[in-house]
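Dear colleague,

I am handing over the structure below, and I would be glad if you could look through it before reading my notes, which follow directly after it.

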Amino acid sequence: MLKGIPKILSPELLKVLCEMGHSDRIVIADGNFPAESMGKDSIVIRCDGHGVPEILDAILQVFPLDTYVDHPVSLMEVMPGDPVETPIWDEYKQIIGKYDARGEHCVGNIERFAFYEEAKKAYAIVATGEAAVYANIMLQKGVVHL
């Protein structure tokens, strides 16, 4: 055990977060996301039984967002005509605001299939048991200033 580290961050996930460098990206995926097939060339970490918001909150406690891009946080856009509400996005923006002064201004949207293509290039994908749809979120790592 370590002091000051959220208990939800497993040793495997902590190792990955530490290995990631500036501009590397990590996807926190909902339960419907095809994590294993998208993550063939990256590291897939299982966090079944946990939701995206709690994983996001824990990661952002130790993970700086990239300050050299306008949108270091990306959400998967809802497909046109899909009658889906995304209240979880508001929760994400509140969490992000706790750790980054830009708050919701650092969040952008990526079209669904473009999100899949970007996810294939991510350093890691965290597969959660999140039941909300369109709950996938991609984070781009920034520089750690000591």
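Helices α3 and α4 run roughly parallel to each other, because their axes cross at roughly 15° and angles under 35 degrees count as roughly parallel. Please bear in mind that this is a predicted model. Helix α3 spans residues 52–60 and helix α4 residues 88–99, and their axes come within 10 Å. The crossing in which α3 passes α4 is right-handed. On the α3 side, the contact is made by Val52, Pro53, Leu56, Asp57 and Leu60, while α4 contributes Ile88, Glu91, Tyr92, Ile95, Ile96, Lys98 and Tyr99. Sorted by class, the residues in this contact comprise nine nonpolar and three charged ones, with no polar residue.

The other finding concerns the largest pocket, which holds about 160 Å³ of space. Its lining is formed by Met1, Leu2, Ile5, Pro6, Lys7, Leu9, Pro11 and Leu14. Of these lining residues, seven are nonpolar and one is charged, and none is polar.

With best regards

Note on methods:
Residues numbered from 1 in each chain as written. Predicted model: local features only at pLDDT ≥ 70, side-chain atom pairs only at ≥ 80, totals over all residues. Heavy atoms only, no water. 1 Å grid on protein atoms, 1.4 Å probe; cavity = no way out; pocket = protein on both sides within 12 Å on 5 of 7 lines; lining within 4 Å. Points joined across faces, edges and corners; volume = space filled by probe spheres on them. Nonpolar A, V, L, I, M, F, W, Y, C, P; charged D, E, K, R; others polar. Axes fitted to C-alpha atoms, helices over the stretch in contact; angles between N-to-C directions. Helix = DSSP H or I, 4+ residues; strand = E, 2+ residues; numbered from the N terminus. Parallel < 35°, antiparallel > 145°, perpendicular 65-115°, else oblique. Left-handed = near helix turned anticlockwise from the far one by under 90°. Contact = heavy atoms within 4.5 Å.
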